[in-house]
Amino acid sequence: MPEERLDVRLARENEITRSRAETLIRQGQAQVNGCVETKPGCKVKESDSVSVIIPPPVAAEAQPEDLPLEILYEDGDLAVVVKPCGMVVHPAAGNEDGTLVNALLFHLKNLSGIGGALRPGIVHRLDKDTSGLLLVAKNDAAHLALSSALKAREIHKTYRAVARGSFREPDGVIEAPIGRSPKDRKKMAVVPDGRYARTEYRVLESLHGASLVDVNLITGRTHQIRVHFAHIGHPLLGDPLYGGKENRPAVGRLMLHAHRIEFAHPTSGKIMVFEAPEPPEFLCEIEKLRR
């Protein structure tokens, strides 16, 4: 009697892709003759009884969640919120809930729809492990105006960071093009054909094996601060992606915090300035480095 791979049979009988069947099998959702089978390549006979549990589809839009959220300012057009370290900005594969967007949908009455069902109100983003200030649009007109200002570099963002080592000069400029790394597609890198990127920084304090710096983003490329500081030999502390194995001294989080933002209000034109002090765990790490 001919045999067939379990993933192939389940894909055929349930009208799903073979890769989907393989994932479900590895998750323990498949059974052969009443017993759980976790090997996609398991050989089954035509007479074998096979079954698989296919979970219901995840909702195609983000759902409100009662998550803690610090809102510094809110009016009919926008809100300014503080994202904690460890929170993803919007839902994506592997992070369907517990995101900033889920919290925004619970705490704010309206959000712009330009970003789509999974990114309502999101004008710009922060990495998961970066804390600090984010602008949120509450209607489409405000979203378009803020996005335009961001593209024109009229929204000024200042970050506080702790970088490895000591700097020769008290301030400096890093100009180096950033693009996808040819060696690791999950990372960004300084590459000749990358997009123009400029970062300005000022050293605030010398610490034990590190430096506390203020960073002004002139452009806003993906992972720009992390890539630029690693490029000049001063990776941010707590950065496993760009810091390398020698990223010492060790700290408990990525030492990057968006602490100041300045922009013109999209309706009134009034200049708005907001600051968010470094969170307690960030300050605690700095204090350790002062000893």
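**Strand pairing, cores and contacts in the predicted model**

Strands β15 and β16 form a hairpin with 6 residues between them. Gly-269, in the turn, has a positive phi of about 80°. The structure described here is a predicted model. Side chains alternate along β16, which covers residues 271–275.

Across the whole structure, 5 aromatic pairs are found. In the pair of Phe-167 and Tyr-201, the ring centres are 5.2 Å apart and the planes meet at 50°, so this pair is tilted. The pair links distant parts of the chain, as its two residues are 34 residues apart. Phe-167 lies in the loop between β9 (156–164) and β10 (171–175), while Tyr-201 lies in strand β13 (residues 198–207). Both Phe-167 and Tyr-201 are buried.

Tyr-201 is also one of the residues touched by Asp-214. Asp-214 is part of strand β14, which spans residues 210–217. The relative accessibility of Asp-214 is 10%, and the cut-off for a buried residue is under 20%, so Asp-214 counts as buried. Two polar contacts involve its side chain: one with the side chain of Arg-160 at 2.8 Å, and one with the side chain of His-259 at 3.5 Å. Beyond four places in sequence, the residues that Asp-214 touches also include Thr-158, Tyr-159, Glu-200, Arg-202 and Leu-204.

The largest nonpolar core contains 33 residues, and Leu-104 and Phe-229 touch the most other members. At least two residues of this core come from each of β7 (78–83), α3 (100–107), β8 (131–137), β9, β13, β14, α5 (224–231) and β15. The greatest contribution to this core is that of α3, with 4 residues. Leu-104 touches Leu-69, Val-81, Leu-111, Ile-122 and Val-136, leaving aside residues up to four places away in sequence. Another core, of 15 residues, lies apart from the largest one, and its members include Leu-78, Val-82, Ala-137 and Ala-149.

Ile-122, touched by Leu-104, is found in the loop between α3 and β8. With a relative accessibility of 10%, against a cut-off of under 20%, Ile-122 counts as buried. Not counting residues up to four places away in sequence, Ile-122 touches Val-89, Val-101, Leu-104 and His-143. The C-alpha atoms of Ile-122 and Ala-137 are 6.6 Å apart in space, and the two residues are 15 residues apart in sequence.

Helix α5 is mostly covered, with 6 of its 8 residues buried. These buried residues are Gln-224, Ile-225, Arg-226, Val-227, His-228 and Phe-229. Just after α5, Gly-233 takes a positive phi of about 85°.

Technical notes. Residues are numbered from 1 along each chain as its sequence is written. This is a predicted model: local features need pLDDT of at least 70, side-chain atom pairs count only at pLDDT 80 or more; totals for chains, interfaces and linings use all residues. Side-chain values use heavy atoms; hydrogens and water are left out. Buried means under 20% relative accessible area, exposed over 50%, partly exposed in between (1.4 Å probe, protein chains only). A polar contact is a pair of N or O atoms within 3.5 Å; within protein, one must be able to donate a hydrogen and the other to accept it, and residues adjacent in sequence count only if both atoms are side-chain atoms. Contact means heavy atoms within 4.5 Å. Two strands pair if DSSP finds at least two bridges between them. Rings of Phe, Tyr and Trp (its six-membered ring) pair if their centres lie within 6.5 Å; planes under 30 degrees apart count as stacked, over 60 as edge-to-face and the rest as tilted. A nonpolar core is a set of buried Ala, Val, Leu, Ile, Met, Phe, Trp, Tyr and Cys residues joined through side-chain atoms within 4.5 Å.
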